[in-house]
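This briefing goes through one protein chain topic by topic. Keep the structure open while reading the points.

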Amino acid sequence: MARPYRTTPTTSPTLTLHACVYTILRPHSPDTTSVNHAISACGKALPSQHEEALRLVEDMSWRWQPCENHTHGAAPAPVVPDAGSITSALAACERAGDWDASFRLIQQTHELTSNAEADADTDNGCSILLNDLPAPVRKRAERVWREVTKRCLLSLREAVRPAHLAEEERAAVLTTRTELDVALSASAVSGMMPSFESGSERAKYTIRHLPTRAAKVADILYLQQTDFVQAAVKRVLRPGCELGAAGAAGAAEDDAEGERRCNVMSLGGGPGFDFLSMALLSDYVGGVGVDALVLDYEAGWEECVESVAEALGANGFGVYSAEDSGGGGQRRRHRCTFGECDITQALDHPSNVAVQKYMAASTVFVAAYVVEENRLALRRNGYIFFRNIMQVAQPGSLFVFTETTHRQWPDIVQTAMESCGDECAVERAGVERAWDFVFPRVQGKRGNQLVMVKNAPVRPASSYDFCSTSAPLLEDETWISEREREQLVLFKRDDEMHQARVGRVP
């Protein structure tokens, strides 16, 4: 957004430093060294001066605007502050406890980086993620991300009012482990799904876990510095970006009003945490609106999904407005619907009609805390559900699996590889690997998570595609690297040790 160029420095006695800074900047075109000295001076001054450092960076961002945005003729020459200056400014905001200013500073830094890349004719795309920032800035930027997103989610939780939960129960829920928590812990050991029939327990779970669970997927995708993950996140969140190497389908699909959207399928999504996570990430990085289909075996979760969506629609995150203007009125920026599914059955099973209906439009698939509690049934059926959706997903689709343990990741990866057919089919598609995958760790959580991006072409799916998970694809050097094989072997060993402890070998 254009802003008027400040030609007269502020004269407030408390902003003497700012006046000195603009004495430097007021000439036609300050050089980069002057800008860096000015920002660093503000950043290292008293905490009250942190806004001045931010204002300087904003002015540098303004200098990239087209000429017609400038009231004094042609735009001043662009100047990009260095990483040390930005770090000093972030440190000043952090000392002042002003996380909103920190967030605005990160936004401006991303904008400056994007503009510099565009002027240099680089093909790195829009600068929106942590890995796009200069290396010295990333550690502080990570703290800004964690603090801002935590505050957003805590604020949103206060607005969520699920059915079956009285106001006087809310405080106790935050400090007391519920019956459903105990049952879920047991299911992670047994591999059998617990009961979600109690509306009261579902409501308690929603309120108790919203800030931590809704942050998980967003944390993984924003903080993960692997190139293919960063590229996939940009494809699904940036407006106008095409999905897949050949642009076979739009990553952010057009809705009825012609607006670009990010379509998310949340598998076993319960109260809608994955929807919140993708919406929060998109708002933070200035991405497109999110349309999510939340799918679960327990139909009772729909009440919680509606309460979460209503709270987000009414309040937003405080980063972006909860509504977008357009089409003659106001409408929600992020939207979600609920449907039923059974991840232990094939895609063409009657219980998965909703999945079949939305499959072609979906570009992000999230399975959070659902595979371990269904471990026995998934293995018994050869992961047929995941095999099928991995077959028909578009090239470039992003899959995110989160769980309390990494024990099933070898089976999931192998299922993905098998879903793409033989190696010749992959080679004919002109890609080096059928899938790219990585096992990121999340701060404060044990074990590794799993992020996968599909490169292989679409294949028809059928319940007759049942395939044993005993094929030795994980030992094939053409499919995985030495480092990936070491991790998968470790995960497989942990699984075997767990099965020996519980005395249940599938």
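The model is a predicted one. Its protein chain has 18 helices and twelve strands.

**The chain overall**

- The protein chain has 506 residues, and 57% of them count as buried.
- About 21400 Å² of the protein chain is accessible surface, and carbon and sulfur atoms hold 52% of that area.
- Among contacts in the protein chain with a separation of 6 or more, 74% are between residues 24 or more positions apart.

**Helix α9 against helix α11**

- Helix α9 covers residues 199-223 and helix α11 covers residues 273-285; their axes lie 8 Å apart, at an angle of about 50 degrees.
- Because of that angle, α9 is oblique to α11.
- The crossing of α9 past α11 is right-handed.
- On the α9 side, the residues that meet α11 include Tyr 205, His 209, Leu 210, Arg 213, Val 217 and Leu 221.
- On the α11 side, the residues that meet α9 include Phe 273, Leu 276, Met 278, Leu 281 and Tyr 284.
- By type, the residues of the contact of α9 with α11 are 14 nonpolar, three polar and three charged.

**Helix α8 against helix α9**

- Helix α8 (residues 179-190) and α9 have axes that come within 8 Å and cross at roughly 85 degrees.
- Angles of 65 to 115 degrees count as roughly perpendicular, so α8 is roughly perpendicular to α9.
- From α8, the residues in this contact are Glu 179, Leu 180, Asp 181 and Leu 184.
- From α9, they are Glu 201, Tyr 205, Arg 208 and His 209.
- The residues of the contact of α8 with α9 comprise three nonpolar, one polar and four charged.

**Ala 186 in helix α8**

- Helix α8 also contains Ala 186.
- Ala 186 and Glu 373 are 187 residues apart along the chain, while their C-alpha atoms are separated by 8.7 Å.

**Helix α10**

- Helix α10 takes in residues 227-237 and is mostly covered, with nine of its eleven residues buried.
- Among the buried residues of α10 are Phe 228, Val 229, Ala 232, Val 233, Val 236 and Leu 237.
- The buried residues of α10 also include Gln 230, Lys 234 and Arg 235.

**Two tyrosines with positive phi**

- Tyr 369 is not a glycine, yet its phi is positive, at about 55 degrees.
- Tyr 369 sits in the loop between β9 (364-368) and α14 (375-380).
- With 15% relative accessibility, Tyr 369 counts as buried, because the cut-off for buried is under 20%.
- Tyr 383 is likewise not a glycine and has a positive phi of about 55 degrees.
- At 1% relative accessibility, Tyr 383 is therefore counted as buried.

Notes
Residues numbered from 1 in each chain as written. Predicted model: local features only at pLDDT ≥ 70, side-chain atom pairs only at ≥ 80, totals over all residues. Heavy atoms only, no water. Helix = DSSP H or I, 4+ residues; strand = E, 2+ residues; numbered from the N terminus. Buried < 20%, exposed > 50% of the residue type's maximum accessible area, 1.4 Å probe, protein only. Contact = heavy atoms within 4.5 Å. Areas by Shrake-Rupley, 256 points an atom, 1.4 Å probe, with all protein chains shown as cover. Axes fitted to C-alpha atoms, helices over the stretch in contact; angles between N-to-C directions. Parallel < 35°, antiparallel > 145°, perpendicular 65-115°, else oblique. Left-handed = near helix turned anticlockwise from the far one by under 90°. Nonpolar A, V, L, I, M, F, W, Y, C, P; charged D, E, K, R; others polar.
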